[in-house]
Amino acid sequence: MAPDTLTPKGRQTRDAIELAARKLFAERGFHGTTLADITSAAGRSPAAFYRYYDDKEDLLAVLAESFLRDVVAPLGSQVHLPDSPEDTDFFVSVVTGYWNMFKQNIGIMVAVDQLASAQERFSALQNEFRRFGIDIVRASVLRAQEQGYGTDLDPEHTALAISLLFERFTTVYLRSDAPTLGVQTTDADAIKTLSTIWKKTLYGF
């Protein structure tokens, strides 16, 4: 059922279910969260759930599509490319925005990643997430080349490599796996690391 056709009560029910799912997916993971967990946390019945979603995977797809439309797409339109090789603020600000976006939606991002290898619907959604990062990095490579730097870089391959590095690093770091690998984690250190790697790839310093 489309959101714009819902009654106020229906919208409240749907919002409650989606809020509960976001929280539980982040805390327990997609596979560790049952439909009963979601409806219980939302204070709604299973019958109410099925009025809006086919199953738990359909709910995840709705959350991911909403995230892409309402959060990811608007962020991409706000990015301004680096003015010069000294424009460290560009890299820090873009990485900070990406980091906060990923962190606030970690349950959705990880769940989509888990299902993407087996289901085309989620593979397509994951590629939409990736395209956001790839487009920004590619544009930054082209800007650096206009400024006389990184002329040996292939914009497409560099964009894919850096965006996937960001994705895997962020997923491991934010899922608290990094400490088990002997890495102490802070958001500031992670943002600095990713910003530095990106900038040095383009400008060499």
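This is a predicted model: local features need pLDDT of at least 70, side-chain atom pairs count only at pLDDT 80 or more; totals for chains, interfaces and linings use all residues.
The protein chain has nine helices and zero strands. Read along the sequence, the pattern is therefore written as α-α-α-α-α-α-α-α-α. Taken along the principal axes, the C-alpha atoms fill a box of roughly 60 × 40 × 30 Å.

The next step is to see how some of these helices pack. Two packed helices are described by the angle between their axes and the distance between the axes. On the α8 side, the contact is made by Thr 158, Ile 162, Leu 165, Phe 166, Phe 169, Thr 170 and Tyr 173. These meet Asp 189, Ala 190, Leu 194, Ile 197, Trp 198 and Thr 201 in α9. By class, the contact of α8 with α9 has nine nonpolar, three polar and one charged residues.

Helix α8 also packs against α7, which covers residues 120-146. The axes of α7 and α8 come within 8 Å and cross at roughly 130°, and the two helices are therefore oblique to each other. Their crossing is right-handed. Residues of α7 in this contact include Arg 130, Gly 133, Ile 134, Val 137 and Arg 138. Among their partners in α8 are Pro 155, Glu 156, Thr 158, Ala 159 and Ile 162. The residues of the contact of α7 with α8 divide into nine nonpolar, five polar and four charged.

A further partner of α8 is α5, residues 88-104. Helices α5 and α8 pack at an angle of about 50°, with their axes 11 Å apart. They are therefore oblique to each other, and their crossing is right-handed. Val 95, Tyr 98, Trp 99, Phe 102 and Lys 103 in α5 take part. The residues they meet in α8 include Phe 166, Glu 167, Phe 169 and Thr 170. Sorted by class, the contact of α5 with α8 has eight nonpolar, two polar and two charged residues.

The last topic is empty space. Rolling a probe the size of a water molecule over the atoms shows where empty space is left. In this model, the largest pocket holds about 510 Å³ of space. Of the 29 residues that line the largest pocket, the closest to its centre are Tyr 98, Met 101, Phe 132, Gly 133 and Ile 136. At least two residues of the lining come from each of α4 (56-77), α5, α6 (106-116), α7 and α8. The residues of the lining divide into 17 nonpolar, eight polar and four charged. Tyr 98 is also part of the contact of α5 with α8, and Gly 133 is part of the contact of α7 with α8.

Definitions and conventions:
Residues are numbered from 1 along each chain as its sequence is written. Side-chain values use heavy atoms; hydrogens and water are left out. Contact means heavy atoms within 4.5 Å. Helices (H or I, at least four residues) and strands (E, at least two) are DSSP runs, numbered from the N terminus. Ala, Val, Leu, Ile, Met, Phe, Trp, Tyr, Cys and Pro count as nonpolar, Asp, Glu, Lys and Arg as charged, and the others, Gly among them, as polar. On a 1 Å grid over the protein atoms alone, a cavity is a set of points where a 1.4 Å probe fits but cannot get out, and a pocket is an open set with protein on both sides within 12 Å along at least five of seven lines; lining residues have an atom within 4 Å of a point. Grid points are joined across faces, edges and corners, and a volume is the space filled by probe spheres set on the points. Axes are lines fitted to C-alpha atoms, for helices over the stretch in contact, and angles run from 0 to 180 degrees between N-to-C directions. Angles under 35 degrees count as roughly parallel, over 145 as roughly antiparallel, 65 to 115 as roughly perpendicular and the rest as oblique. A crossing is left-handed if the near helix is turned anticlockwise from the far one by less than a right angle, and right-handed if clockwise.
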